[in-house]
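Here are a few notes to get you started with this structure. Have a look at it first, then read on.

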Amino acid sequence: MRISIKLKFSLFLAVLLILALGVLSYFVLQGVEKNQQTQTEVYLAQHVKTVNLRVKQTYYTGTRLEPQTFMKQRGRGLATELAGFTGLGVTLYDAQGLQVGSSIQDTSIQDHPAVDRQSGVNAALAYALQNKIAYEAVGDTLLYLAPLQGPEEQMGVVQLQYSLKSSQSFLRTLQNLFLTTGIAVLLLSFIIGYLYFNRAAAAIGRLKKAAEDIRRAEYIQAPPFRRKDELGELAEGIYFMSMEIEQSIAAKDEEQRKLQLAIHKLQALEQQQKQYIGNISHEFKTPLTSIKAYVDLLNMYDDDPKLLLEAKASIAKETQRLYEMVEKVLRVSALEKYDFESQAELLEVAEGLRDVCSRMSGKAERFGITISCDAKPAHIWIDKESFMHIFINLLDNAIKYNVPQGTIHVYSELRDNRVRITIRDSGIGIPNEARERIFEPFYTVNRDRSRQSGGTGLGLSLVRNLVEKQNGSITLLESEGEGSVFELSFPATS
Ligand code: ADP
């Protein structure tokens, strides 16, 4: 059977109080009884003194008789007289223990069996006859037997009959009082205890609920209650424990999420790499097939001057393409592995851009394209070689995919603590659906056009890699009308 803690505590308190009260009442009652007994003894001893005096007085004032005869003759009268004095029942015995007079008919002790009563009295009488004081309680009556002193020796015994009714009733009243007080205290302490422990039990209940919540992973956002005692400290402890568990579980979840993400990335990377290798093989095969075809033709028709010229031009072009491709592939793979190779330094953007523009202006002119550069002074922290590579690639594309007499505009500004560089060309533009894909390795919008201009589809992928390695970003802006606009952004260094 499950007994609630508040019931246990309340019962414990009630039992404790009743025990204390029981022990207290026992000792108080004992004390009172002892005190009453002493008082009765003193009271009866005084009466015995008076009795002795009166007996002596009567003995000496009357005719001088033998004590035995005196007791026999005057016993009855004396007993009645002494009863008048003392207000108690008086019985006189002579030195032989024979009753010589009594003021009472023995009614008060009649309720008790005669044999018991008589044997008790006789024993007490025998004792008193040895010049000693004896008691005998019979029912609610106390028989007090004391020696009567004669002229030379003990001449008899006086028995005073004292009613214990009033003291017994006083003791009973006291007992009842303790009993009723005890029951009242028991009930009251139980109720008070119950109410008091109710609060503590409610607090314990709240702690239990908090623990269950935590078990269900419903973490508590504040201590279940506030108290300035051990329960309050426990509530706070549970709250902190809940917070710690929540945090460590959140950290574990976060770790798991990151791990999952890393696994997905690795899988994607693996996929990408497979595709990359496939693309490389394919891209390498195309120029090599073309070269091999021309070599075979030359073996067959080595005296054909037209074929020779055509083969020379084509082989040169394909070789150049192969060379560029090998260079870019090597750069891409180096970029993935050797982070330490990039050495960042402070670069003045306007200067850098002007340098790139002037390097590319020769190639642009050959295609009748003009490059204009409008760069505002700003500094960025970047690896200079990567910077050059990024913008040479972008300008190269802007030339390759431009139209005759086209334009390229390079612009830079400092905004929101970032240096933003745009390269706008008046070329053939990039369709919207290819906006993200152009950054994938080997992706080309138009393969023939790319090939014609010696493109490999690796340029922009390399550019994005380099830009991101330098904490920057590159996006192809939506261009209204013709041409393409690339925007690059790098954190500015003041
Ligand atoms: P490629 O070596 O073929 O130029 P890139 O990675 O540099 O490879 O470019 C990917 C593709 O994006 C190109 O094949 C081309 O179709 C398109 N592209 C890149 N830049 C431009 C541009 N400025 N104008 C038009 N198309 C462009």
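1. A quick word on confidence before anything else: pLDDT is the predictor's confidence in each residue, on a scale from 0 to 100. You're looking at a predicted model, and its chain has a mean pLDDT of 88, with 95% of the residues at 70 or more. One stretch to watch is residues 107–112, where the pLDDT is below 50. In the model, this stretch still has 11 contacts beyond near neighbours in sequence. Where pLDDT is low, the predicted coordinates should not be read in detail.

2. Next, find the open sheet of five strands. Its order is β7-β9-β10-β12-β11, and the pairing is mixed. β7 (370–375) and β11 (473–477) sit at the edges, each pairing on one side only. On average, neighbouring strands of this sheet are turned by 15° against each other, ignoring direction.

3. For a closer look at one pair, take β7 and β9 (residues 407–415): they run parallel and are joined by six bridges. If you want a landmark, I371 has I408 in β9 as its bridge partner.

4. Two helices to check against the sheet: α7 (residues 349–366) packs on it and touches β7, β9 and β10 (418–425), with its direction at about 180° to that of β7. Helix α10 (residues 459–469) also packs on the sheet, touching β11 and β12 (485–491), and its direction makes about 135° with that of β11.

Definitions and conventions
Residues are numbered from 1 along each chain as its sequence is written. This is a predicted model: local features need pLDDT of at least 70, side-chain atom pairs count only at pLDDT 80 or more; totals for chains, interfaces and linings use all residues. Side-chain values use heavy atoms; hydrogens and water are left out. Contact means heavy atoms within 4.5 Å. Two strands pair if DSSP finds at least two bridges between them. Helices (H or I, at least four residues) and strands (E, at least two) are DSSP runs, numbered from the N terminus. Axes are lines fitted to C-alpha atoms, for helices over the stretch in contact, and angles run from 0 to 180 degrees between N-to-C directions.
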